[in-house]
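Please look at the sequence and the model shown here.

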Amino acid sequence: MLAAQESNNPDQLFLEAKQLFLNNEKQEADRLFRSYYRDRCTSPENIERCAETEIYLGSITRSGGEYDQAEEFYTLARSRITDSREQHGSLLVWIYSQLFYLEDELENISLAESWVNKALELVDEEQMNGVPAARAYLANGSLQITLGNYQDAVDAFELALDQIHTDPESDNYETKRLLSQGYTNMGIAYGRLGLYDSALRQYENARQIILDTFGSQDREMALIYNSLGSISYFSGDHGTAAQYFLRSGSILSDIHGEIHEGVAIAYNNAGSSFMSLGDIVSATEYLEKAQQIKESLYGFENFDIAVGYNNLAYLYVQREEYGQAEEYYRLSIEIREKLFDKTHPSLTAPLLQLSSMYIQIENYSEARELLERVVEIAELRLDASHPDAIEAMMLIASSYMAQGQLDDAERGYIALINLLTENALAGDGDFLTVQPERVRYPVKLVESIRGYTATLYSKYLSNLNEGALTTILDAAELASRTIDFLQTTYQSEASKLNLLDKNHDIYATAIDAIYELYSMNNNPDRIDQMVYYSEKSRARIAMEYLQTVEARNFGSIPQEVIDDELKLNLRVTELFQRVNLEKEKGDEADSVLVGTLTDSLFHARRELQEFTAALEHNYPSYFELKYKQHIAGITDIQSFLSEDETAILYSFGRNHLYATVLGKNSKSLHKLDVDTGESVTGQINSLRSTLETGNREEYRQQAYLLYEQLFAPLRPDIRSESLILLPDQVLQYLPFELLLTDESEASEPDHELPFLIREFDFRYSPSATVMLSERSAEEEGSPQNLLALAPFEQDGVSYSTQTEISRAQNSLGALPLTGYEAREIASLFRQRDTAWNFFFPEQAEVLTGRRASKNRVLTGVMDDYGFIHFATHAFIHETNPSLSGIALHRGDDENGMVYISDIYNLRMNADLVVLGACETGLGELHRGEGLIGFTRAFFFAGVSNLVVSMWKVDDQSTANLMVNFYRNIRNDNMDYAAALRNAKLELINHPEYAFPSNWAAFILNVRQ
């Protein structure tokens, strides 16, 4: 804050007050202006300075919501200079402009328009240039935005910016403020026109001016962040949008307090972003906060109240309370029509959402009536290709689809795709000629193709027209390329996941279409297509992470730049953990600390994003390596397989489950008799439940049923003992080795059951592309050296703060056998059974108790170890997977959790990591990505093979299995899959450990 000492010199006092005003330190500026006003403005002299003081005081009181007092100050200023108009015309333009902003905020549109007209007339009459003319044009641009005339607004702002740049004093604080406002408002106008790239350029111009001149906490910065959030939102990057909106709200709250219209707008927009991400809890929190602020500020007939009703209606739709939702939508529409007119662009939002709800409840005719109104408004006031018009056309087509009017739906989608691609499907055009980066609204194109392919497949099922299937594949290929392009533009992982999840049906429909084409003539090329689309539909972000590692190592980036990137990542990780762990305390959380940490996290993320953007720009090879899209095909997979290996790729379509079986020189495709809806998910959940409850009868029924459905049909094409499974979606929760190959009698003991593991060993991978991705680490020679950690050999851990994490940690008791487990494994590495080992013994380091600390893992040299073994607890965070962690000794740390977000920052060279902790194979399941958890994090850190656990396992059986597993590797020279299989079979041979809950949890995930 600027020093605000009162000067004895009145002119100096005025200048100090003005400087404080320009720095948005309104409270102190108000005090000094009023002091000057009392001393210098009681007489008719000093007209100019006193009129300026009245204008500034009017602006200050207006920003505080004191509209009557603001109007009084503006009226006083106007009266003061009316008699001296010839000398003070520029001041009068300024007053007219401020009166416009006042009436605009009060939503007195006709009166607001009259003040703008007065300002423009005076500028023309006196042929003003520079800042005075710019003030009039800026006000006119804002008026045109209010009226919904967005192109006219752009034209007005361009005139204003031209005038500012030609002003001889364009480099002072006041003109810098006007410049930033001009750029921000022009960005808003471009955004309303749907020209997001143009809008983004204007916001970045404004942001740079504010940062350079006024700093990051300036009020104008909040408006810019809100605008940047809007661009991210409409581009589909809803996670980044939420961050921008919350940052905007934080700045405004610091300046004005929580009860402020700008804070309400920011919270409302953040709530809308969370809604789009499917995070209803966060959406409800911020939308309710926004509405409470609005209700304390406004009456009923206010635009912001209308916006609030619209968003509350959406929440009621999510809760399926459609009557209440319809009432709120109607109220929102009613308020807008009263404030503006029946063709105002602001009506499109509630009309679109209400019509979408009508489609959901099968009120198709009324939905289409509202949607036709949206199209008419867009054509009249916006543009026929405006995003709102496109959304309306899409909903019209989807309503026909839902109603079974497939021809009408197809025509609607074709018209929409042609509009988005400049008639790509007209004449001889086709999908293959479209370049996604040149499409104006790529997200809308993907959504349109999603509806189009679903419509075509439904038509195929009714008329078996083969042409529909090939068109589906062409359209899906364009959608896939467009999704690839969008992934390079999104900054937030949440947004990328949301994009994949919403549009996963495109890949699923393509998979169904491919099988139908294959069934017509058994063309083996269709199997290649099946693998391609199956790979495109899974582990997309995981692959991007792995390619980032490759790009970092082979993108010609200097080491010091890589080190700088790591520091930024570590800073973001630290702040992310601190803010979320504080929030976990609930009512005990320090709200001031949460706010401070949230602000710091925002700036750290922004710095990292800018750093990454600079990397991609300055090192073209880095960008190419990071975003290259080499998808593993059948040839790649078969080249990787040995003669005694078979890969099985499971793929969910929309209606069926398929399995592709690949041998070294063979391939086959199967449609499995499995319900792809809730049934298979329920079966797998039931099977897992039997392992927890020990219900042996139910286990045997489910294990055999799933074998018959998922594996038995493939047996004729499996000619090897070693299997690589690439499961899809819910199948990732199923260890196949516990399936039963035959029915069994109730009297048959567990150790004699026909487990599938008796015939095969298993390796798993989230996708073939991930499995075959190149590792950056050196791979020469056999892996050497072991690090084993057993932090809770003697003591458990307790915490005082009651958070979700600490409650789980409080139950982390001692694991007495883990010390034995770690030392036994280490002894296998210390054996000197060869001359080489005698002279060059391997390092086997065992860390127990306090030595096995979080700090040791995060700061130690991890790439010296070919084998790393964690014999400890783990914690799965259900709502925030990045806060899942492996429990180590806390040492001098507040907690000893190595979080998933920490693991991403590790640099490891391990050939094998074993997570003996419970449930480390679990995570959050996303369509289009799979399980997000420890496996992906360790692969990113550089690990080749990872053993994880799918459920909680007894300490004794875990110790026995792990010691036998390593003994098979070290003494019998088995590969990891065979070693794990044999260790499991050894447990099965002991009746007390034969039930699968004791051995089947541990699975081997592989990458090369």
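## Basis of the model

This is a predicted model, in which local features need pLDDT of at least 70, side-chain atom pairs count only at pLDDT 80 or more, and totals for chains, interfaces and linings use all residues. Residues are numbered from 1 along each chain as its sequence is written, and side-chain values use heavy atoms, with hydrogens and water left out.

## Ser346 in its loop

Ser346 sits in the loop that joins helix H16 (322–339) to helix H17 (348–360). Helices (H or I, at least four residues) and strands (E, at least two) are DSSP runs, numbered from the N terminus.

The relative accessibility of Ser346 is 12%, so this residue counts as buried. Buried means under 20% relative accessible area, exposed means over 50%, and partly exposed lies in between (1.4 Å probe, protein chains only). When neighbours within four places in sequence are left aside, Ser346 is in contact with Phe303, Arg336 and Phe340; contact means heavy atoms within 4.5 Å.

## Salt bridges

Side chains of opposite charge can pair when their charged atoms come close. A salt bridge is a side-chain nitrogen of Lys or Arg within 4 Å of a carboxyl oxygen of Asp or Glu. The whole structure has 31 salt bridges. Lys18, Arg135 and Glu174 are linked in a network of them.

## Pairs between helices

Glu337 and Arg373 form a salt bridge, with their closest N and O atoms 2.7 Å apart. Glu337 belongs to helix H16 and Arg373 to helix H18 (residues 364–381), so the pair ties together parts that are 36 residues apart in sequence. Glu337 is partly exposed at 22% relative accessible area, and Arg373 is partly exposed at 22% relative accessibility.

Asp484 forms a salt bridge with Lys536, and the closest N and O atoms are 2.7 Å apart. Because Asp484 lies in helix H22 (residues 466–489) and Lys536 in helix H25 (residues 525–536), this pair ties together parts that are 52 residues apart in sequence. Are these two residues buried or exposed? Asp484 is buried, with a relative accessible area of 13%, and Lys536 is buried, with 3%.

## A pair between strand and helix

Lys667 and Asp528 meet through their side chains in a salt bridge of 2.6 Å, N to O. Lys667 is in strand E3 (residues 667–672) and Asp528 in helix H25, and the pair links distant parts of the chain, 139 residues apart. With a relative accessible area of 33%, Lys667 is partly exposed; Asp528 is partly exposed at 28%.
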